[in-house]
Amino acid sequence: MNVADALKDKRVVICGGSGGVGKTTASAAIAMGMAARGLKVAVVTIDPAKRLANSLGLDELGNEPHPVDPGLFEAAGIEMKGELWAMMLDAKRTFDEVIERLAPDEETRDEILENRIYKELSNAVAGSQEYTAMSKLYDLDRDHDFDLLVLDTPPSRNALDFLDAPDRLTGFLEGRALQVFLKPTGFAGRIVGRGTGMVFSVLKRVTGVDLLEDLSVFFRSLGGLIDGFRERADQVNALLEDPQTTFLLVTSPEREPIDEAIYFWQKLRDAEMPFGGVVVNRVHHDEAPDADPDEVAAQLEDELSPSLARKVAANFRDYQLLAHRDAANIERLAQRLDDRRLALVPHLDDDVHDIAGLAQIHRFLFASDRERARMLAETTA
Amino acid sequence: MSTLLDKRLVFVTGKGGVGKSTVAAALGMVAARQGRRTIVVEVSEQDRIARAFHGGDSHFREVEIADGLWTISVDPQHALEEYLRIQIRVKPLADLLSGSRMFQYFAVATPGMSEMVTMGKVWELTQMQRRTRGASRYDLVIVDAPATGHGVAIMRTPLTFANVARVGPVAQQGRAIHETITDARHTGVVAVALPEEMPVNETLTLRDELRRELGLPLDRVIVNALYPERFGPRQATTLTKALEGADAPLARAALRAALSEQRRARGQREQVARLEEALGDEAVRLPYVFEPEIGPEQFEALSRELEVAL
């Protein structure tokens, strides 16, 4: 797979996968490659390594995309025909922005932003990164004129948490349950029935009265924003279902990340989401299958001392083992997905933390399968 | 090290992909071998450890995977139901609550609720008098902490919850759990890192946050998956020359692999040095496992390494 083909005519690409597989660098390299081909691209990163963030100019605050200095690409041998913008998501700030935007009046806005529960939790909450990532994507799509948005997703415990985060929030706010919760003894409580009143009183016993009252106040003020949240969730869903949106999975070739990628793909399929292909990062490429260590050592003995030759052979055997493992896992992935849209990136010798490193990854992502095979044979091992 | 495993509760933290579960299980093996009844708790809703040991289904079940070594995979839904049964004591009422849609909405939407009940279950496992019927006590509970967000977040949840609730049972329990967690005699924290730039930075951030937010020291840092140092700089020069002269594809491939390994191993050593300098302490080192999968045999080998190093 050539990423340029996978993203042809796309407006939004969401990069998913488990943590620690190089998702952020892959997202940045994809965004850079599409920008180099003439598009105005923004990449939204969640938690980039500091040096990579610095090299993209992401140390600036603001929760808005900044253009990356075009001079940097030239130095890395990339001809930049378009523009690359980058931003680092600030979950707390994005949430505040949503509240500011949706609050019907200043009073409600301040009531929520200054609510004790909101302040305590809007930053630390599990799921807030998921909600805010989707929300920010929507805002960027609506308020800016980017040709392509690349979203690097947060490492979720549940692969697709971030997809239904907006729905979950509105589901709760709109639900009959919340109405009861706000007025447990009132009219709503009576029509829902005796059972719910009982649930509420049991709940009180567990949590204590204060927590329930504070939560009631919090949810009541948030309740004024229900229509806004609903509308926003619908719009985010529309954006996800848009034919111009696609998902790329990013994984490394080890067993567990591959399992996660398969799981993630299954979930995408169940949710009828579009799928564009898989980026497999840090692949040990098999150059000489079935090589016999003794033969390797024998071939090296002219150039090296016998002990060094043996060490080189032993090292090569270990390397081959990883190459076999990677090949088997990648094959399992391709068969399970019944899909050969794969872009393999070799295990590079150095960590990627600057534009030059991104440029290196980018070469492998934006190549045809044949070109990539040739490059792998030349550069890996 | 003995002091680390003599605690009652040890959190193993680190970002996704660093081998946290592997280290948690290997640490559990060391403790069990030394005669402690030990349980490794997974909170990621996957029963990876039980599967790696072919130990059967550990979804909210304590299963024995080796002599004296147990594991359980804790998910918020079960943790919540158990919490309610313990809290309410009247089973039909507890069932009424956990079966109610309103309550499920409440649980899902209340921020931090799943982390809170998960921590509650962890705390329950550390109790000498277990609240779970028929359960026996453990000498040591090792938590394979979630990879999401910063490792400190889940440990801070009980206090956050106590602050939110202010008074009442939840607030009291939150404070009680918080006090246990922040007692360094009782609780230890181990960070697992890969010898790469970002994991090293994250480990140092974790140490600072741990101290600032919970007043806890980072007991140990374990650097995982270190390549062997096979070739020194002089040998690298020899190998480079040999590669220039070599024609046979096999020899070239082997030489390239050797040079690549030398570069990576050197880069790793630089990161370990940087880490140790910032920590002012030695890190525990675990080797890269050149095997397609990590099974009981590899866990055994890693645990031997840990036992010596700790």
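This report describes the eight-stranded sheet of chain B in a predicted model.

**Sheet layout**

Chain B holds an open sheet whose eight strands follow the order S3-S4-S2-S5-S1-S6-S7-S8, and the pairing is mixed. Strand S3 (63-66) and strand S8 (284-287) of chain B each have a single partner strand and stand at the edges, so one side of each lacks a neighbour in the sheet. On average, neighbouring strands of this sheet are turned by 25° against each other, direction ignored. Strands of a sheet pair through backbone hydrogen bonds, either parallel or antiparallel.

| Strand pair (chain B) | Sense | Bridges |
|---|---|---|
| S1 (residues 9-13) and S6 | parallel | five bridges |
| S6 and S7 | parallel | four bridges |
| S7 (residues 220-226) and S8 | parallel | three bridges |

Individual residues mark these pairings. B:Phe11 has B:Val189 in S6(B) as its bridge partner. B:Ala191 stands opposite B:Val221 in S7(B). From S6(B) the chain passes through helix H10 (residues 197-214) of chain B to S7(B), a β-α-β crossover that is right-handed. Further along, B:Val223 has its bridge partner, B:Arg285, in S8(B).

**Burial of strand S6**

Strand S6 (residues 187-193) of chain B has seven of its seven residues buried, so the strand is largely enclosed by the rest of the structure. In a regular strand the side chains alternate between the two faces of the sheet. In S6(B), B:Thr187, B:Val189, B:Ala191 and B:Ala193 point one way, whereas B:Gly188, B:Val190 and B:Val192 point the other way, and all are buried.

Terms used:
Residues numbered from 1 in each chain as written. Chains lettered and ligands numbered in written order. Predicted model: local features only at pLDDT ≥ 70, side-chain atom pairs only at ≥ 80, totals over all residues. Pairing = 2+ DSSP bridges. Helix = DSSP H or I, 4+ residues; strand = E, 2+ residues; numbered from the N terminus. Axes fitted to C-alpha atoms, helices over the stretch in contact; angles between N-to-C directions. Buried ≥ 20, exposed ≤ 12 C-beta atoms within 10 Å, placed from the backbone. Right-handed = clockwise from strand over helix to strand, strands pointing away.
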